[in-house]
Amino acid sequence: MPAPLSVLPMGLAAIHWSVDPVIVRLGSFAPRWYGLLFGVGFLLSFYAMRSVFIREDKPERDVDVLLYWILGGTIVGARLGHVLFYDPGYYLTHPAEILQVWQGGLASHGGFIGVLIALYLYARSRDDQPFLWLLDRIAMPAALTGGLIRLGNLFNSEILGTPTDVPWAFVFALRDMTPRHPAQLYESLVYFCICGILVWLYRRSDASPRFGTLSGAFMVLVFGARFLIEFVKAEQVHFDIGLPLSMGQLLSLPVILFGAWLLWSSRSRAKQPGS
């Protein structure tokens with residue numbers, strides 16, 4: 001593997017990134033860093049939600065069911081989001097490939113919509129766990145999981161940034177030799193910070209924030225950060241080229257507005273029952 005820091009022909013120092021996306025190859029067994037980090041995110045989410053349910057006196061057994069709903073909503077929503085938002089023409093002519101999730105192609109906005117639907121369906125049969133109550137609590141581990149998934153994108157050398165000459169530029173040697181913004185790392189670090197902010201807000205309210213406070217803050221902060229970081233991302237799809245805003249930014253705007261409305265309207269909502 002090349003040295004972590006190399007000097008490019010132009011004399012520009014940059015971080016040389018050529019990590020193999022596969023952790024280890026043992027015959028047909030070849031686990032990838034992306035899958036590992038994705039799984040770790042959901043495992044940590046499980047333990048975080050279990051802690052919340054215990055603290056707020058909710059049935060602990062419901063956490064297993066809830067996480068199945070969220071996992072299904074995330075994968076199905078993220079895959080359909082990629083198909084419909086980023087490459088509908090291709091998948092309409094190759095419908096069999098829609099199910100081939102292992103080939104890559106997951107959209108975070110689609111995953112977000114999928115989770116919203118999954119939470120709504122789950123909450124319909126549980127009067128003690130209303131939709132907004134769930135959405136507020138899922139916001140904390142969701143930000144953490146989002147950060148881990150973006151680290152997975154870094155290990156996959158995907159979702160590249162635009163060319164730059166900043167001292168912390170990355171050269172993704174598996175793709176090209178151009179120094180680029182590490183956009184995946186930017187998002188990952190921001191999401192970890194947002195997770196910390198949400199946990200602080202939750203504890204500050206003694207586990208009883210007003211309905212919509214945490215979920216509204218999540219939408220504004222996460223998708224606001226996504227909107228800004230898109231300016232230093234390379235175009236992900238051909239129709240982004242030449243447009244003032246990328247597809248990711250266009251999809252982020254309604255979520256930011258909805259989150260802002262949740263925050264504004266939360267002032268008139270009752271506080272949620274604490275532990």
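Helix α5 is mostly covered in this predicted model. Of its 25 residues, 21 are buried. The helix runs over residues 131–155. Just after α5, S157 adopts a positive phi of about 55 degrees.

Helix α1 covers residues 33–55. Its 23 residues reach 33 Å from the first C-alpha to the last, close to the 33 Å expected at 1.5 Å a residue. The buried residues of α1 are Y34, L37, F38, G41, F42, S45, F46, M49, V52 and F53. An α-helix has 3.6 residues a turn, so residues three or four places apart point the same way. The buried residues of α1 pack against α2 (62–86), α4, α5 and α6 (183–204). Just after α1, D57 takes a positive phi of about 60 degrees.

Aromatic contacts come next. The structure holds 13 aromatic pairs. One of them joins Y120 and F131. Their ring centres are 6.5 Å apart and their planes meet at 75 degrees, an angle over 60, so the pair is edge-to-face. This pair links distant parts of the chain: Y120 belongs to helix α4 (residues 108–123) and F131 to α5, 11 residues apart. Y120 is partly exposed, with a relative accessible area of 48%. F131 also counts as partly exposed, at 29%.

F227 and F231 form another pair. Here the centres lie 5.8 Å apart and the planes are at 85 degrees, so this pair too is edge-to-face. F227 has a relative accessibility of 17% and therefore counts as buried, the cut-off being under 20%. Ring pairs also link W17, W33, F155, F170 and F172 into a cluster. A charged side chain meets a ring as well: K58 lies over the face of W133, at 5.1 Å from the ring centre.

The mean pLDDT is 87, and 89% of residues reach 70 or more. Over residues 1–11, however, the pLDDT is below 50. Beyond near neighbours in sequence, this stretch has 20 contacts in the model. Where pLDDT is low, the predicted coordinates should not be read in detail.

Key
Residues are numbered from 1 along each chain as its sequence is written. This is a predicted model: local features need pLDDT of at least 70, side-chain atom pairs count only at pLDDT 80 or more; totals for chains, interfaces and linings use all residues. Side-chain values use heavy atoms; hydrogens and water are left out. pLDDT is the predictor's confidence in each residue, from 0 to 100. Contact means heavy atoms within 4.5 Å. Helices (H or I, at least four residues) and strands (E, at least two) are DSSP runs, numbered from the N terminus. The expected span of a helix is 1.5 Å times one less than its number of residues. Buried means under 20% relative accessible area, exposed over 50%, partly exposed in between (1.4 Å probe, protein chains only). Rings of Phe, Tyr and Trp (its six-membered ring) pair if their centres lie within 6.5 Å; planes under 30 degrees apart count as stacked, over 60 as edge-to-face and the rest as tilted. A charge sits over a ring if NZ of Lys or CZ of Arg is within 6 Å of the ring centre and within 35 degrees of the ring normal.
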